[in-house]
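Reader: I am new to this structure and would like to learn how to read it with some care. Could we go through it one feature at a time?

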Amino acid sequence: MEQIVLAAIALVSVVLTVQAGHTLYLMIYTWDQPEAEAKARVPDERAAPQLSFTAIVPARHEEEVIQQTIARVAHTDYPARLVQIIVVCSADDLGTIERAAATISRLRSAGRTNVELVVFDDQPINKPHGLNAALARSDGDVITIFDAEDEIHPEIFSIVNTVMVTERVHVVQAGVQLMNYESNWYSTFNVLEYFFWFRSRLYYQARAGAIPLGGNTVFFSRELLERIGGWDETCLTEDAEIGLRVCVMGERVRVLYDHRYVTKEETPPTLRHFIKQRTRWSQGFMQTLKKGTWKELPTRKQRLLAWYTLMFPYAQALLGIYLPVAVLTAFVLRVPASIALLSWLPVLLLAAHFVTAVIGLYEFTEAHELRATPRTVVTLAVGWMPYQMVLAYAAMRALKRQLSGVGDWEKTAHVGAHRSAQEEEVTSRAA
Amino acid sequence: MPRENPTALLDQEQGRGSAPVAVHRPVGDPLDRTGKILLAVSMLIGLVSHGWNIFKYPLYLSDEGIYMEQAWSVLREGKLAPYTYFYDHAPFGWMVIAGWVALIPGQFNSLGFPVNIGRVLMVLVHVACVFLMFEIVRRYSRSVPAAFLATFFFNVSPLAVYFQRMVLLDNLMVFWVLLGLYILARKDGRVVTAMGAGLAFGLALVTKENALFLLPGFGYLLHRSIVEQGNRRFSASFWWFAVGSPVALYMLYAEIKNELLPAGLDFNLASPPADHVSLLYTIWWQLHRTASGGQGTMFNTLLHQSWLFKDKYLLLAGTAATVGTLALSLNERRREVPMLGTALLAIGYGFYLTRSVLLDFYVAPLVPLLTLNIGLLYGRITRYAKPAAVALLTACLCAMPLSYPHGYLVAWDFTGTKLLLADQYRLPQTNMQNLQVKWIREHVPPNSRLIIDDDIWVALREGHPNFPYAQSHFKAASDPDIRDKFFHRDWHNVDYVVMSNKMRDALERNNEGWILEAIDQHGEEVWRIDRGDVHLSVIKINNSSE
């Protein structure tokens with residue numbers, strides 16, 4: 001029995017070490033590969049406006065932020081006649097409908113006719129259903145999504161137009177970045193997760209041809225979207241799922257991350273909301289894994305990467321169970337020095353992750369002309385394990401929901417913490 | 001909705017090509033045909049100069065035996081040492097040796113005397129080091145002749161040949177250091193490159209701790225290679241992380257065994273910890289070693305009595321080259337970054353040698369550091385000379401030491417009238433140790449309690465018959481498990497003392513009194529061999545008649 005326990009500890013340690021090492025590499029991929037970093041950058045020169053866009057803004061209970069978002073999308077540096085805006089709400093969301101309608105009315109009075117509100121009253125009430133409803137009403141060459149709380153860059157359409165026209169790609173994932181890195185103890189971690197995900201990992205996934213796309217600031221050619229049948233309304237992470245379907249079709253996904261042009265977002269305002277959001281993502285990955293689209297990817301390497309990405313929430317849930325056991329065994333179980341040493345390897349990798357996070361913090365703040373304080377570094381150090389436990393809890397929660405067949409959409413609240421007061425004023429005036 | 005060109009996106013060809021992005025990614029110029037030939041020649045010279053007569057010269061050293069017996073313990077016992085491991089050295093070096101032996105059919109006995117299999121590894125390591133040094137010098141100096149010259153001296157210096165043939169942790173440490181420098185010299189701008197260089201240096205540290213003195217030079221070369229890169233934060237941090245990881249695991253090992261700190265945090269050198277060994281105590285003890293305590297020799301003594309005697313030309317030329325690279329690099333800092341780095345490497349190690357209590361072979365890592373400086377300085381001096389002139393000059397510089405009878409290739413015999421191949425290519429010194437082991441196997445009962453030197457330890461444990469009660473004299477004098485529990489510090493419990501060359505000096509230097517008593521008052525010499533200044537013997541202790 002003791003031999004079995006020792007073998008299990010050794011095996012889990014090795015697996016965790018390899019996994020942590022690989023994840024670490026994906027986090028620093030674009031820093032490690034100078035070519036990758038150069039390619040992820042936004043081109044310096046812009047092509048003439050050529051493509052028309054439909055920007056879908058799905059909103060649910062977003063009364064607080066919807067008006068500013070519509071105004072931002074409406075006032076980009078791209079010709080207004082080439083940007084159709086569709087705000088999509090469910091019929092029961094009267095507050096958001098009212099605010100959105102008011103803004104649309106003001107825009108129309110100012111001569112902007114290609115802005116409309118789409119209201120759906122059928123089930124299910126979730127984001128992919130809203131997106132499909134809006135897709136049916138869209139007429140742009142390119143369809144994109146902006147979440148209601150997004151703060152988009154005015155040049156984003158011009159940039160994507162340039163990339164799609166000059167590089168002949170049909171899918172572009174542009175950078176999304178959480179900004180409020182000092183709002184609370186977990187926001188720093190959350191911000192850095194986004195930073196590493198969009199700045200580095202997505203590029204690797206795109207290059208490998210197995211990319212779970214993001215939920216907004218992603219651009220599809222409309223023809224492609226219609227060909228693949230829009231979004232999967234049964235999936236909680238319709239963005240990741242559609243990404244894999246795009247890859248199955250052999251489409252190359254262009255990832256752009258240039259800190260100057262990222263779409264800015266906020267972390268969920270409370271830990272409860274954060275856990276709900278993370279639960280949804282984890283369960284969405286579980287659903288996508290179960291659905292099996294990844295099995296249709298053409299190469300074994302693509303399938304392996306997709307499987308590895310999608311099954312991560314399971315590993316995270318297991319980690320939640322393993323960590324207390326590991327701590328317990330450290331005090332109770334006397335193991336040979338070699339096994340004990342092996343079991344410390346994941347801890348060493350954890351330290352490497354921490355070092356990476358601290359560097360990432362400085363890279364992020366420097367890029368956005370913010371300042372990383374020692375206090376934030378201390379927060380990172382102190383909050384590291386609790387944050388891992390929160391993620392593990394959310395993954396376990398997702399696992400429970402998945403096993404018991406619960407698949408409803410848990411909404412994340414937004415309060416506009418990433419928007420400065422000055423920006424609020426500007427966008428309000430514009431609206 | 002208006003569209004300027006409805007088919008602009010979808011009518012374009014389904015190209016999968018990426019947008020062209022020009023990124024400069026230097027990884028060192030590839031070697032041309034001549035360069036490849038010279039590299040191959042250098043490696044061949046290294047193979048021959050170090051491999052020829054390697055099983056016969058030099059005499060098997062006690063320290064070679066210690067590392068072989070610890071590798072034996074890793075393979076046969078799953079332990080880091082057959083005796084109490086007291087953290088005198090980090091274990092990675094003999095774990096590598098154990099890994100090498102495990103790969104060879106027949107293992108310790110595959111090539112006769114067990115140390116031989118370790119020496120073969122040293123030759124292979126040297127050839128690998130030649131490759132690494134050639135490429136380091138070439139990439140840093142952009143001169144193939146400079147690379148050839150550096151490796152030539154690295155290959156044929158008697159000082160190099162003498163010590164680099166031995167199974168020493170220092171030689172393995174040099175390999176990791178050169179590997180780290182080689183990776184750094186790639187200059188491809190990648191984080192994993194910096195990390196690889198750091199890991200190599202970290203492995204050097206857990207092979208032989210004195211690599212620590214190379215940190216300033218190494219750190220400087222790293223810093224200058226990444227300072228202008230966008231990923232410098234990651235490169236620098238991961239370099240440090242990779243350096244620290246093997247060291248951290250080593251310390252963690254000690255902590256897991258509850259052997260990191262001495263009991264009661266007692267670092268009193270006058271009373272070593274009695275209940276358990278301690279890594280930090282051993283480090284503390286090593287930092288306070290003195291020549292008068294019998295734990296080594298001072299720099300000046302070794303320099304004049306051993307190193308200069310073996311190869312004064314390399315030491316003088318290398319020192320001058322180091323001064324030269326330092327002077328040039330300080331004058332033209334921006335242009336001579338590698339020269340300042342290699343100068344700092346040699347100076348760092350030189351500082352260690354001059355400030356510490358030493359053993360003879362501690363000079364081994366200095367040789368490649370000096371030849372690195374020779375190569376870089378030569379490359380700098382000949383930078384603007386005509387290639388043909390440089391080739392001719394290089395050939396002359398290589399031919400000169402070989403043609404003069406100063407021990408590089410040939411030497412006068414003791415009468416001074418006849419030229420012979422130099423000792424390292426001709427003398428059969430280890431035959432005596434083979435004869436000693438042979439005599440023991442033929443005349444000593446296998447269950448005898450022997451006090452021996454470490455050079456023949458594995459030979460007596462692995463051979464037929466084997467001698468499970470043969471114990472190292474160091475341990476018989478200082479390890480409580482052997483001294484007190486096995487021998488009970490009593491000559492009655494000793495059957496034979498097998499004397500290696502100069503073992504008597506070591507016994508006296510280390511105050512191994514009860515063993516000396518056994519030899520002098522109760523011993524009888526039953527076998528002896530003398531050749532030149534090498535004297536081996538076997539002493540039977542008359543313990544049954546008392």
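Reader: In which crossing, left-handed or right-handed, does α14(A) pass α15(A)?

Author: Please keep in mind that this is a predicted model. Handedness describes which way the near helix is turned from the far one, and here α14(A) passes α15(A) in a right-handed crossing. The contact is made on one side by A:Leu350, A:His353, A:Phe354, A:Ala357, A:Val358, A:Leu361 and A:Tyr362 of α14(A), and on the other by A:Thr376, A:Val377, A:Leu380, A:Ala381, A:Trp384 and A:Met385 of α15(A). Sorted by class, this contact of α14(A) with α15(A) has eleven nonpolar and two polar residues, and no charged ones.

Reader: At what angle do helix α14 and helix α15 of chain A pack, and how far apart are their axes?

Author: Helix α14, residues 337–367 of chain A, packs against helix α15, residues 374–403 of chain A, at an angle of about 145°, and their axes are 11 Å apart. Chain A has 16 helices and nine strands.

Reader: How does the radius of gyration of chain A stand against that of a compact globule?

Author: The idea is to compare the chain with what its length would lead us to expect: a compact globule with 431 residues would have a radius of gyration near 22 Å, and chain A, with 22 Å, agrees. Along the principal axes, the C-alpha atoms of chain A fill a box of roughly 75 × 45 × 45 Å.

Reader: What percentage of the residues of chain A count as buried?

Author: Taking buried to mean under 20% relative accessible area, 59% of the 431 residues of chain A count as buried. Chain A exposes about 17,200 Å², of which carbon and sulfur atoms supply 60%.

Technical notes:
Residues numbered from 1 in each chain as written. Chains lettered and ligands numbered in written order. Predicted model: local features only at pLDDT ≥ 70, side-chain atom pairs only at ≥ 80, totals over all residues. Heavy atoms only, no water. Axes fitted to C-alpha atoms, helices over the stretch in contact; angles between N-to-C directions. Helix = DSSP H or I, 4+ residues; strand = E, 2+ residues; numbered from the N terminus. Contact = heavy atoms within 4.5 Å. Nonpolar A, V, L, I, M, F, W, Y, C, P; charged D, E, K, R; others polar. Rg over C-alpha atoms; globule rule 2.2 N^0.38 Å. Buried < 20%, exposed > 50% of the residue type's maximum accessible area, 1.4 Å probe, protein only. Areas by Shrake-Rupley, 256 points an atom, 1.4 Å probe, with all protein chains shown as cover.
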